[in-house]
Amino acid sequence: EQRLTRLHSVEMRSTGEVACFSSSKYEAFMKAMMATGVQIPNKNILISAGPLHSKVEFLPYAKLLENMGYQLHATEGTHKFLVQNGVTNVIELHKPLSQEEPNVKSFIQDGKLDLVINVPESMDSKSLTNGFHTRRLAIDSGVSLLTDIKLASLFVDALQRKRDRETAGKPFFEIRAWDEYVGEWAK
């Protein structure tokens, strides 16, 4: 159904959960995300962080992404906020309903984005329409999509920890037997 959106309430978010185990919450979280089809981004990430409190909350994570070498893209309000707060490696994209380029729609359709972080601005019709189109484009194009700022923040933390471990020559993902995770509890 083309009119469906990825904006869910708590009840819908708890449907179809995935359980993954690890000695670290970051590894378990990343395993769970990957098990649900979320891909680790290669280079290009779109951030449309919605209301001011979400932008403020996500700012340190945008800086982490920038420091990890990701090319950040952002819609107008998020772009302005990020630049004013010291994030310099960010390209502004026009919203999908705009005819101006560069545009969210063309970047998603042309496969130029690896991850879309789209938090709704408000419930007014224009924001909902642009947000709906951004989420729908990401889903239809197979681009990983995060719609919750806390989830996106944890995802960035996990990416950073993965990068740090791998840079140090250590594996991030461990494969262990169930007994190794639960030890005596399993007996």
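Predicted model: local features only at pLDDT ≥ 70, side-chain atom pairs only at ≥ 80, totals over all residues.

**Notes on helix packing and salt bridges**

1. The axes of α3 and helix α4 (residues 76-84) come within 10 Å and cross at roughly 55 degrees. An angle between 35 and 65 degrees falls in the oblique class, so α3 and α4 are oblique to each other. Their crossing is right-handed.

2. If you want to look at the side chains there, α3 contributes Leu52, Lys55, Val56, Leu59 and Ala62, and these meet Gly77, Thr78, Phe81 and Leu82 of α4. By class, this contact of α3 with α4 has six nonpolar residues, two polar and one charged.

3. Helix α3 (residues 52-67) also packs with helix α7 (residues 149-167): the two axes come within 10 Å and cross at roughly 20 degrees. That angle is under 35 degrees, and α3 and α7 are therefore roughly parallel to each other. Here α3 passes α7 in a left-handed crossing.

4. On the α3 side, this contact is made by Ser54, Glu57, Phe58, Tyr61, Leu64, Leu65 and Asn67. From α7 come Ile149, Lys150, Ala152, Ser153, Val156, Asp157, Leu159, Gln160 and Arg163. The contact of α3 with α7 divides into eight nonpolar, four polar and four charged residues.

5. Now to the charged pairs: the structure holds five salt bridges. One of them joins Lys150 and Glu57, with the closest N and O atoms 3.0 Å apart. This pair links distant parts of the chain, since Lys150 sits in helix α7 and Glu57 in helix α3, 93 residues apart. Lys150 counts as exposed at 55% relative accessibility, while Glu57 is partly exposed at 27%.

6. Do have a look at helix α6 (residues 125-141) too, where Asp140 and Arg136 both lie, four residues apart, or about one turn of the helix. They form a salt bridge whose closest N and O atoms are 2.9 Å apart. Asp140 is partly exposed, with a relative accessible area of 44%. Arg136, at 13%, is buried, because buried means under 20% relative accessible area.

7. A last pair to check is Glu174 and Arg176, whose side chains meet in a salt bridge at 2.7 Å, N to O. Glu174 has a relative accessible area of 25% and is partly exposed. Arg176 also counts as partly exposed, at 30% relative accessibility.

Note on methods. Residues numbered from 1 in each chain as written. Heavy atoms only, no water. Axes fitted to C-alpha atoms, helices over the stretch in contact; angles between N-to-C directions. Helix = DSSP H or I, 4+ residues; strand = E, 2+ residues; numbered from the N terminus. Parallel < 35°, antiparallel > 145°, perpendicular 65-115°, else oblique. Left-handed = near helix turned anticlockwise from the far one by under 90°. Contact = heavy atoms within 4.5 Å. Nonpolar A, V, L, I, M, F, W, Y, C, P; charged D, E, K, R; others polar. Salt bridge = Lys/Arg side-chain N within 4 Å of Asp/Glu carboxyl O. Buried < 20%, exposed > 50% of the residue type's maximum accessible area, 1.4 Å probe, protein only.
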